Amino acid sequence: MPDPRRILPGMTYLITRRSIERRFLFTPHPDRHMTRIFGYCLAVTSARYGVLVHAAVALSNHWHLVVTDVEGNLPEFLRDLHSLIARCVNARHERCENVWCVSQPSAVHLLDAGAIWEKLVYCLTNAVSSWLVASHRGWPGFHTLPEAVTQRAKVYARPPEYFSPRTNLPDTAALVITKPPDLAHLSDADYVSKLKKRVSAKESELRKKAKANNNPMLGAEAVQAQDPHSHPKTTRPPNPVNPRVAASDPEIRKTHLGLLADFLNLYAEARDKWSKGNRRVRFPRGTYQLHHAHGVRLLPAPT
């Protein structure tokens, strides 16, 4: 059983989830149906759970999000988001098996502004770092752009896949892209300018690396021609590292790792007492599943 997540309101995350067996189930064909699926489902669920979206990209077999969980609803948000996407993708490909890798989505808590900048750039340039296209603007699939915070929200029509005409979900949904709260002190223009410069610098570095290694980009047309049921030819061993936090300041990271260790220890102690019948035991704040599903009591907030 994986360790419980510490879920508190206001946390900013890099979210990553991969398709089962790394299959190209999200291949962005020219009809743009896959873009509509990701955009609509993200717009609906982020509005439903009060999650702020800062950046997103869906590659052929995985996707990344940078979001802020304002109300502390991350598990429900991810549950509904990935469930809706999976149902639409299966309907699109006329299949009925798992869409997502069976492991939990990766959710890395971004602790400071430096980590947030780094992961925003990582997210937006992911198609370039995967040697697919030379610029994030050339990616033919679902993705957000740095200037989206200054533009009107993009409206996505409900995908015809899976959803019944009698569904209670809206015909259209607007995906709002915002600045991360930790960068709210910047004006929209400054934020966009800084993000564009960072993205441009990273893409230039990646293109130079590709050229030096004689590793040409696959190109948008070749990406769109991929068989959705195929997968990369290279084998990818399981990654034993699953970071929970990221920070540009080592001291901040060290402090928060200590807080996380304290949470896990208190949770384990409380879970042991609860499983032995003590229904008055208090769990550490940040306990989500047992609190919402079984009503366990939480320790009071620090004063």
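Select Thr 45: at 0% relative accessibility, Thr 45 counts as buried (under 20% relative accessible area; exposed is over 50%, partly exposed in between, with a 1.4 Å probe and protein chains only). This is a predicted model, where local features need pLDDT of at least 70, side-chain atom pairs count only at pLDDT 80 or more, and totals for chains, interfaces and linings use all residues. Residues are numbered from 1 along each chain as its sequence is written, and side-chain values use heavy atoms, leaving out hydrogens and water.

Thr 45 sits in helix α1, residues 33-49. Helices (H or I, at least four residues) and strands (E, at least two) are DSSP runs, numbered from the N terminus. Show the side chain of Thr 45: it reaches the backbone oxygen of Cys 41 at 2.7 Å. Contact means heavy atoms within 4.5 Å.

Next, select Phe 163, in the loop between β5 (154-157) and β6 (172-175). Phe 163 is buried, with a relative accessible area of 9%. Not counting residues up to four places away in sequence, Phe 163 touches Tyr 40, Leu 84, Cys 88, Arg 158 and Leu 169. Asp 80 and Phe 163 are 83 residues apart in sequence and 14 Å apart in space, C-alpha to C-alpha.

Move on to Leu 42. Setting aside neighbours within four places in sequence, its contacts include Val 53, Trp 63, Phe 77 and Phe 142. Leu 42 is among the residues with the most contacts inside the largest nonpolar core, which has 71 residues. Such a core is a set of buried Ala, Val, Leu, Ile, Met, Phe, Trp, Tyr and Cys residues joined through side-chain atoms within 4.5 Å.

Last stop: a second, separate core of 10 residues, including Leu 260 and Val 296.

How values were computed:
A polar contact is a pair of N or O atoms within 3.5 Å; within protein, one must be able to donate a hydrogen and the other to accept it, and residues adjacent in sequence count only if both atoms are side-chain atoms.
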